[in-house]
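The sequence and structure come first.

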Amino acid sequence: MSGKGEVNDLLVFNIGSLVTNDLGRDGLLGIVEDAAVAISDGVLEWVGDGADIPAEYGDLPRLDAGGAAVLPGFVDPHTHLVFAGDRSDEFARRLRGESYEEILTAGGGILSTVAATRAASEDDLYDSAVERAWRMLANGTTTVEVKSGYGLNAATEEKMLRVARRIDESLPIDVIPTFLGAHVVPAEYREDRDAYVDLVCGEMLDVCAPLARFCDVFSDEAAFTVEETRRILEAAKNRGLEVRVHADQLGRVGAAHLAAELSAASADHLDHATDEDLTAMSAAGTSAVLLPAVSFSMRLPYPDGRRIWDSGVTVALATDCNPGTANVESMPFVVALAALNMGLTPDEAVWAATRGGALSLRLEDRGHLVPGAVGDLVVLDAPTHLHIPYRPDADLVAAVVKGGVIL
Ligand code: NIG
Ligand code: FE
């Protein structure tokens, strides 16, 4: 939602360093020094030198950036923001040596969040998700993808997607909803996986497709096979959904390759993707969504962001905010992790957290500050974007503007 009923005209001036991500300007980030931007009716109308602000913007409400850095609002393209329960006990068990897969196979992990989410009322789910969404906004995220996937039955998947929609309608954050009915096979279908895939492709898509923009599948060891993934994603495409895939996180099963074959918007995780998989993704226009907070929280090796970026594929960064593998909400923290551990430069990490995220969601109108884009931006309490990885624990977000409205 963008500031319905509020004044959404704004002139942001006295910007020391403006990240535009404008392809028509120099460098990856298209930085303009001593800049200003004008937003009219929620849409960016003018970007330029602070000394040349056109007279027509003289009467707009003004925000003084105080000589600091300004970036596009962060776009977080992979989250499991809606969930009930708490898995801190499982987290502690993993720190003592139990593996994620062992806990999941024994009926814990994702399945324990499924039990809690099925039992929660829609209002309770909404209340906890709203708190997370406000904290994301405070950290500069203005667009967030939100997956279902802790219901694993039609009624609870629908409940999760309704909560995602209510957050979009009630908060100044844009929510992009994704149906993830194929997160894992629920316990009651363990002896008959095919029947569960039928349910996802039939009744669950009937109910959930109208509430979602994307369909995702966790295609991995311990989740869905590549052939099951293909069936589900083809069914979703036939309902008009675009597709994305949790691909090759725990092992190389060929999911990233399938994502490319199906022209998926993104393949996410990619810890075990091969060079060939990346080349296929690049040719198909399938973005790579990297999730360094998972490697951090799970104490796993980080995927090689340098190799992935150099393959030519479009790279995005996301929190993967979820109760199991990355209970993380802050995109600045994710940028810092990527720059410090994945071989991306700070410029690349910032680009991937803004324009890369937007492209991975097939949203052309954001993640950059060019005329015609949405008026979503972040004012930092820092002179340049380099301070994001340089000061990884600092709260650097001084102000957030969504659709021209100062939050
Ligand atoms: O993206 N990989 C699968 N799904 C989530 C984890 C969900 C959970 O453990 O609750 C992820 O990492
Ligand atoms: Fe995920």
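How far is an oxygen atom of ligand 1 from an N or O atom in the side chain of His269? The distance is 3.0 Å. This is a predicted model, in which local features need pLDDT of at least 70 and side-chain atom pairs count only at pLDDT 80 or more, while totals for chains, interfaces and linings use all residues. Residues are numbered from 1 along each chain as its sequence is written, chains are lettered from A and ligands numbered from 1 in the order in which they are written, and side-chain values use heavy atoms, with hydrogens and water left out.

- His80, in the loop between strand 6 (74-76) and helix 1 (88-95), and Asp320, in the loop between strand 13 (315-317) and helix 12 (331-341), are 240 residues apart and link distant parts of the chain; helices (H or I, at least four residues) and strands (E, at least two) are DSSP runs numbered from the N terminus.
- His80 is buried, at a relative accessible area of 3%, and Asp320 is buried at 2%; buried means under 20%, exposed over 50% and partly exposed in between, with a 1.4 Å probe and protein chains only.

**Ligand 1**
- Ligand 1 has 15 residues around it, of which Arg87, Tyr100, Tyr150, Asp320 and Thr325 come nearest (a heavy atom within 4 Å is required).
- For His246, a polar side-chain atom lies 3.1 Å from an oxygen atom of ligand 1.

**Cavities**
- The whole structure holds 2 cavities of 30 Å³ or more; on a 1 Å grid over the protein atoms alone, a cavity is a set of points where a 1.4 Å probe fits but cannot get out, and lining residues have an atom within 4 Å of a point.
- Of the 15 residues lining the largest cavity, His80, Tyr100, His183, Asn322 and Thr325 lie nearest its centre.
- Helix 10 (residues 292-298) gives the largest share of the lining of the second largest cavity, 3 residues.
- That lining includes His269 and Met342.

Note on methods:
1 Å grid on protein atoms, 1.4 Å probe; cavity = no way out; pocket = protein on both sides within 12 Å on 5 of 7 lines; lining within 4 Å. Points joined across faces, edges and corners; volume = space filled by probe spheres on them. Polar contact = N/O pair within 3.5 Å; in protein donor to acceptor, adjacent residues only side chain to side chain.
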